[in-house]
Amino acid sequence: MDDTVSHPQSVREVVENGLCIGCGLCEALAPDRWSMGMTAQGRLRPAPIAAELEAEDQPILAACPGCVSNATAEGDLEDPMWGKYIHIGEAWAGDDDIRFRAATGGVLTALAVHLLRSKKAGFILHCAADTENPMRTKWEISETAEQILQRAGSRYGPSDTLAGLEKALERGQAFAIIAKPCDAGAVSQRAKADPRLDALLVAVLVMVCGGASELGKSEDLLEEFGVTEDELTLFRYRGYGNPGPTRVETEDGRAFEKTYQEFWADESGWKIQSRCKLCPDAIGEAADVAALDIWPGGTPVGEDEGFNGIITRSKVGQDLVQAAVAAGDLVLGQDHDPRQLDDFQPHQVSKKHAVAARLRGLSKAGQPTYRHEGLRLESLDVRDEAEERGAFERAKAGRFKEEMPIHPRGDSNG
Ligand SMILES: Cc1cc2nc3c(=O)[nH]c(=O)nc-3n(C[C@H](O)[C@H](O)[C@H](O)COP(=O)(O)OP(=O)(O)OC[C@H]3O[C@@H](n4cnc5c(N)ncnc54)[C@H](O)[C@@H]3O)c2cc1C
Ligand code: SF4
Ligand code: SF4
C-alpha cells in the first residue's frame with residue numbers, strides 16, 4: 001500500500017480539500033447537522049448547522065463521492081475505457097415533444113416517463129431549475145409525465161439531487177433517480193447500509209458528465225446580457241432543439257440567447273469544480289443506464305432532431321430499455337462500439353487516462369483523496385508526469401482548498 005495516500009476522515013475534510021461535489025447526501029442523512037448552502041465560490045456544499053460529530057458522520061463518509069467511488073456495472077461485455085456494459089447504441093424518445101424539449105434526444109426523460117406509465121415507479125427523484133430562482137437548481141420529486149418533461153434538460157451549475165434522497169425513501173414507494181454519475185456512485189454505496197434502497201429504488205439513470213460548473217459560469221452569462229438574477233423568469237442551458245440555445249428570459253419580457261457553441265467557447269470560463277477534474281467515474285459505471293451526446297469529435301456542428309448515445313450497465317437497465325422500446329416510449333437506432341464513444345467523448349478518454357496521475361500529485365502534496373475500485377484508473381494510467389506535477393503544484397498552491405459555506409441555503413424542499 002502507498003503510505004502517501006490518505007482519505008478524508010470528516011465531512012469538513014472532504015469539503016476543505018476540494019473533494020466535495022455538493023451531491024446533498026450529507027443533508028439527507030443528517031439534516032439536523034448539515035444543510036446545503038452556496039459558498040462564496042459558487043459551489044453547493046454542506047454547511048454545519050450543529051456541532052460536527054465525526055463519529056456520527058461515518059455513514060455519510062461511507063458513501064460520499066469525496067471519499068469513495070466504485071464501479072457496480074454488471075454487463076457481460078467490458079471495454080478497457082468504458083467499463084462493463086450490456087449494450088451501447090443510439091436512442092431517442094418516442095414522443096417528439098420530449099425529444100425536442102429535452103437536453104439531447106430525451107432518453108432520460110423517456111425512460112423516466114416509461115417507468116411511471118408502466119407503474120414500475122411511483123415517482124422520480126431528479127433536479128430542475130428552481131422556479132423562484134431559475135438560474136439555480138433544486139432537487140425535485142416528479143409524480144407525473146408532464147412534471148418530468150417540464151424538468152428535462154441539462155443543468156450545468158451546482159445541483160444537489162441527493163439532498164432529496166431521504167424524503168424519497170420516506171414515501172415508501174418504488175422510485176427511480178436521474179442524476180450525475182457521482183450521485184449514482186453515492187447511492188450505490190449507500191445501498192450497502194440502507195436496505196430500503198434495494199427494496200424501493202428501481203433504476204438509476206445518469207448522463208455522461210463533463211463536469212459541473214460553479215454558479216459563476218451562469219452569473220457571467222447574465223452579466224454579459226446585462227440582466228440581474230432577480231429579473232429572471234427562465235434560465236435554460238439547452239434543450240428545445242439539440243443542443244438548443246442557452247436562453248434567458250426576464251419578467252419584463254426580454255429574451256437573450258447564445259448557441260451551445262458560444263456558451264462553451266472559452267474553456268477558461270467554464271469554472272468546473274475541483275472534484276470534476278479528479279473524477280474517476282464520469283461515465284456512469286454505478287448506474288443502470290447512462291445517456292450521452294454523440295457528436296463526432298465531441299462538438300455539435302449545428303442543430304439536429306436529437307440523438308443520444310445510450311449505455312446499459314445492468315440487467316435492470318437493459319430490461320428497462322427493452323420495455324420502453326416495446327411500449328413505443330423509446331426508439332433505438334444503430335449500435336455503437338466503444339471506439340465510437342472515444343470519438344464522441346474525447347474529453348472523457350483524456351480524463352480517464354489522467355486521473356491516476358492527478359491523484360498521485362495530490363497525495364504527494366499531502367492532500368487526501370478518495371478510495372476507488374473497479375474503475376481501471378491503474379490500467380488506464382499513462383503516467384503523465386505533467387499531469388502529476390500540475391496537480392502537485394496546484395495542491396501546494398492551495399488551489400484545491402475550499403471554505404465551508406457559512407449559511408445554509410434555507411430553501412429546503414422539505
Ligand atoms: C453537468 C453536466 C455535464 C454534462 N457533460 C456531458 C458530457 O461530457 N458528455 C455528454 O455526452 N453529455 C454531457 N452532459 C449530458 C447531456 O447534456 C445530456 O444531459 C444527456 O445527453 C442526456 O440527454 P437527455 O436528452 O436524455 O436528457 P433529458 O431527457 O433532458 O433529461 C435530463 C435529466 O437530467 C437531470 N439533470 C439535469 N442536470 C442535472 C444535474 N446537474 N445534476 C443531476 N441531474 C441533472 C434532469 O433532472 C433531467 O431529468 C452533461 C450534463 C450535465 C448536467
Ligand atoms: S460530496 Fe456529497 S456527501 Fe460528500 S461532503 Fe459533499 S455533499 Fe456531502
Ligand atoms: S464530472 Fe464527475 S464529479 Fe463532476 S459532476 Fe460529473 S460525475 Fe460528478
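Modeller: A residue is called buried under 20% relative accessible area, exposed over 50% and partly exposed in between, using a 1.4 Å probe and protein chains only. This is a predicted model, in which local features need pLDDT of at least 70 and side-chain atom pairs count only at pLDDT 80 or more, while totals for chains, interfaces and linings use all residues. Residues are numbered from 1 along each chain as its sequence is written, chains are lettered from A and ligands numbered from 1 in the order in which they are written, and side-chain values use heavy atoms, with hydrogens and water left out.

Start with the rings. An aromatic pair is described by the distance of the centres and the angle of the planes. Here, rings of Phe, Tyr and Trp (its six-membered ring) pair if their centres lie within 6.5 Å; planes under 30 degrees apart are stacked, over 60 edge-to-face, and the rest tilted. That rule gives twelve aromatic pairs. Take Y156 and W264: the centres are 4.9 Å apart and the planes stand at 85 degrees, so this pair is edge-to-face. Y156 sits in the loop between α6 (145–150) and α7 (165–170), and W264 in the loop between α11 (260–263) and α12, so the pair ties together parts 108 residues apart in sequence. Helices (H or I, at least four residues) and strands (E, at least two) are DSSP runs, numbered from the N terminus.

Y156 is buried at 15% relative accessibility. W264 is buried too, at 12%. W264 also pairs with W270: centres 5.5 Å apart, planes at 90 degrees, so edge-to-face. W270 is partly exposed, at 24%. Ring pairs link Y156, F235, Y237, Y260, F263, W264, W270 and W295 into a cluster.

Next, helix α10 (residues 215–225). Its buried residues are L215, G216, K217, S218, L221, L222 and F225. Their cover includes α11, β1 (34–38), β11 (232–236), β12 (246–250) and β13 (255–258). Contact means heavy atoms within 4.5 Å. G226 follows α10, with a positive phi near 70 degrees.

Now the sheet. Strands of a sheet pair through backbone hydrogen bonds, either parallel or antiparallel. Two strands count as paired if DSSP finds at least two bridges between them. Eight strands form an open sheet with mixed pairing, in the order β8-β7-β9-β10-β14-β15-β6-β16. β8 (137–142) and β16 (330–335) stand at the edges with a single partner strand each, so one side of each has no neighbour in the sheet. From one strand to the next, the twist averages 30 degrees. Axes are lines fitted to C-alpha atoms, for helices over the stretch in contact; angles run from 0 to 180 degrees between N-to-C directions.

β7 (residues 123–129) and β9 (residues 175–179) run parallel, joined by three bridges. There, L125 has I177 of β9 as its bridge partner. Helix α5 (residues 107–117) packs on the sheet, and the strands it touches include β6 (87–93), β10 (201–207), β14 (289–293) and β15 (308–312). The direction of α5 makes about 170 degrees with that of β10. Helix α13 (residues 315–326) packs on the sheet as well, touching β6, β10, β14, β15 and β16, and its direction makes about 115 degrees with that of β16.

β6 is mostly covered, with seven of its seven residues buried. β6 runs antiparallel to β15, over five bridges; A91 has N308 of β15 as its bridge partner. β6 and β16 pair over four bridges, also antiparallel. A93 has L330 of β16 as its bridge partner.

Last, two ligand shells. A residue belongs to a shell if one of its heavy atoms lies within 4 Å of the molecule. Ala, Val, Leu, Ile, Met, Phe, Trp, Tyr, Cys and Pro count as nonpolar, Asp, Glu, Lys and Arg as charged, and the others, Gly among them, as polar. Around ligand 2, the residues include C20, C23, C26 and C64. That shell has ten nonpolar, two polar and no charged residues. Around ligand 3, they include C182, C209, C276 and C279, along with I21. Helices α8 (181–190) and α12 (274–277) give two or more residues each to the ligand 3 shell. By class, the shell around ligand 3 holds seven nonpolar, one polar and three charged residues.
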